[in-house]
Amino acid sequence: MNRFVGDDVYLHLETTNGAYAAHRFGQPMAVCAYIRNGRVRFERAAIAGNRPYRVGLKMEQGWIYAEGLTDYEVDEKGRLLLAGHDDEGRLAVALQLSRTPWPMSALEEEA
Amino acid sequence: MAQVEKTRHLLLVYPHPDDESFGKAGTVILFTRAGTPATLICGTLGELGRNMGNPPIANRETLPKIRRKELEQACEILGISDLRLLGLRDKTVEFEDPERVADRIEAVIREVKPSILMTYYPGLGVHPDHDAMSNAAVIAVKRLPKEERPVIWGSAVVHEPEKILGEPDFVIDVSSVLEEKLAAMKAHRSQFSGIFARVEEALAAGGQAREEALRLLGTERYWVYRIDD
């Protein structure tokens with residue numbers, strides 16, 4: 001994360017309990033929020049906790065925060081993908097950083 | 001039980017890879033085996049699916065590519081030779097201009113001239129993308145002269161749809177193609193690993209659990225959506 005400090009980066013931040021949370025899984029409601037390609041710059045990046053982890057990115061005017069992160073990878077394009085999966089492998093939270101915009105569709109990426 | 005016979009062309013209109021198989025694969029297979037050509041319009045690549053496989057075989061960025069491959073495999077099993085991807089994004093279909101989504105569906109309808117259009121029953125799809133896609137399909141069909149309109153076969157995701165719609169118009173016995181149906185569903189590996197473990201457990205358990213699983217899998221139900229204008 002420190003490699004992205006001080007630069008303009010594209011953020012994908014998401015949390016979800018699934019579109020069928022209320023229909024099939026007995027939860028009060030389906031909840032999801034995501035930002036794809038928020039352009040941000042942060043001055044400090046820190047990780048805390050012991051699986052699941054928390055991440056805080058401190059910006060000049062604000063914070064980016066995620067909780068429940070369990071896995072990370074750096075892909076072949078140097079993009080950082082952090083995600084939190086439940087015990088059935090379902091994604092519950094994601095925080096991703098890239099120097100180039102995240103594609104809007106896999107078709108676009110191919111073309 | 002209704003019989004499935006060859007029809008001029010079957011058009012499926014769904015937002016996500018796996019919608020075409022889950023609860024519908026048997027019917028599609030019966031139609032294509034009878035010699036019906038089939039086209040699938042798939043709105044998105046399910047980019048925001050929560051299931052990543054267990055253990056995870058995908059991440060947020062590789063998921064759409066994996067789901068596209070899974071969809072192509074499922075289409076092969078279903079006998080769908082014509083797949084049209086609209087390139088919309090998961091969870092955002094309802095925020096697109098429905099008339100523009102309808103334009104793209106209409107173009108395909110005019111090209112392949114379907115006699116039956118399968119989609120979710122408008123308003124009863126539970127997932128907002130399901131309802132947005134079926135709504136756009138209805139807009140597209142409405143633009144056609146009445147005599148050229150396909151019959152709309154709607155599937156309902158809500159619990160107890162009979163309470164809203166009455167008995168289904170078509171109840172299809174798909175027990176003769178159950179193995180192929182399961183294969184089409186299983187093609188969507190990233191999405192259904194958890195569900196399949198439970199289904200296979202029930203089938204292996206025998207007795208009442210097996211009977212119940214076979215009954216649920218062996219029957220597919222559709223309500224005709226009637227356009228009154």
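Analyst: The account below begins with the nonpolar packing and then turns to a helix pair, the chain contact and the backbone.

The model is predicted, with local features needing pLDDT of at least 70, side-chain atom pairs counting only at pLDDT 80 or more, and totals for chains, interfaces and linings using all residues. Residues are numbered from 1 along each chain as its sequence is written, while chains are lettered from A and ligands numbered from 1 in the order in which they are written.

The largest nonpolar core has 54 residues, of which B:L12, B:V13, B:L78, B:I105 and B:A137 touch the most other members; such a core is a set of buried Ala, Val, Leu, Ile, Met, Phe, Trp, Tyr and Cys residues joined through C-beta atoms within 7 Å. Its largest share, 7 residues, is supplied by helix α4 (residues 128-142) of chain B, where helices (H or I, at least four residues) and strands (E, at least two) are DSSP runs numbered from the N terminus. A second, separate core of 13 residues has A:A66, A:L69, A:L82 and A:A83 among its members. Once residues up to four places away in sequence are set aside, B:L78 touches B:E20, B:S21, B:A25, B:V28, B:I29, B:T32 and B:A184, contact being C-beta atoms, placed from the backbone, within 7 Å.

In chain A, A:I64 belongs to strand β5 (residues 62-69) and is partly exposed, with 18 other C-beta atoms within 10 Å (20 or more would be buried, 12 or fewer exposed, and in between partly exposed, with C-beta atoms placed from the backbone). Apart from neighbours within four places in sequence, A:I64 is in contact with A:L11, A:L13, A:V40, A:F42, A:L57 and A:M59.

Helix α7 (residues 189-205) and helix α8 (residues 207-218) of chain B have axes that come within 6 Å and cross at roughly 125°, the axes being lines fitted to C-alpha atoms over the stretch in contact, with angles from 0 to 180 degrees between N-to-C directions. The two helices are therefore oblique to each other (under 35 degrees is roughly parallel, over 145 roughly antiparallel, 65 to 115 roughly perpendicular, and the rest oblique). Here B:V199, B:A202, B:L203 and B:A205 of α7(B) meet B:G207, B:A209, B:R210 and B:A213 of α8(B), a set that divides into 6 nonpolar, 1 polar and 1 charged (Ala, Val, Leu, Ile, Met, Phe, Trp, Tyr, Cys and Pro are nonpolar, Asp, Glu, Lys and Arg charged, and the others, Gly among them, polar).

The contact between the chains takes 21 residues from chain A and 20 residues from chain B. On the side of chain A, β1 (9-16), β7 (80-85), β8 (91-98) and α2 (106-110) each give two or more residues, and the residues of that side divide into 9 nonpolar, 8 polar and 4 charged.

Most residues other than glycine have a negative phi, and most peptide bonds are trans. Against that background, B:D18 has a positive phi near 105°; B:D18 lies in the loop between β1 (10-14) and α1 (25-33) of chain B and is buried, with 23 other C-beta atoms within 10 Å. A:N37, in strand β2 (residues 32-40) of chain A, likewise has a positive phi, of about 70°, but counts as partly exposed with 14 C-beta neighbours inside 10 Å. Cis peptide bonds, with omega about 0°, join A:R51 to A:P52 and B:N54 to B:P55.

Notes: Two residues are in contact if their C-beta atoms, placed from the backbone, lie within 7 Å.
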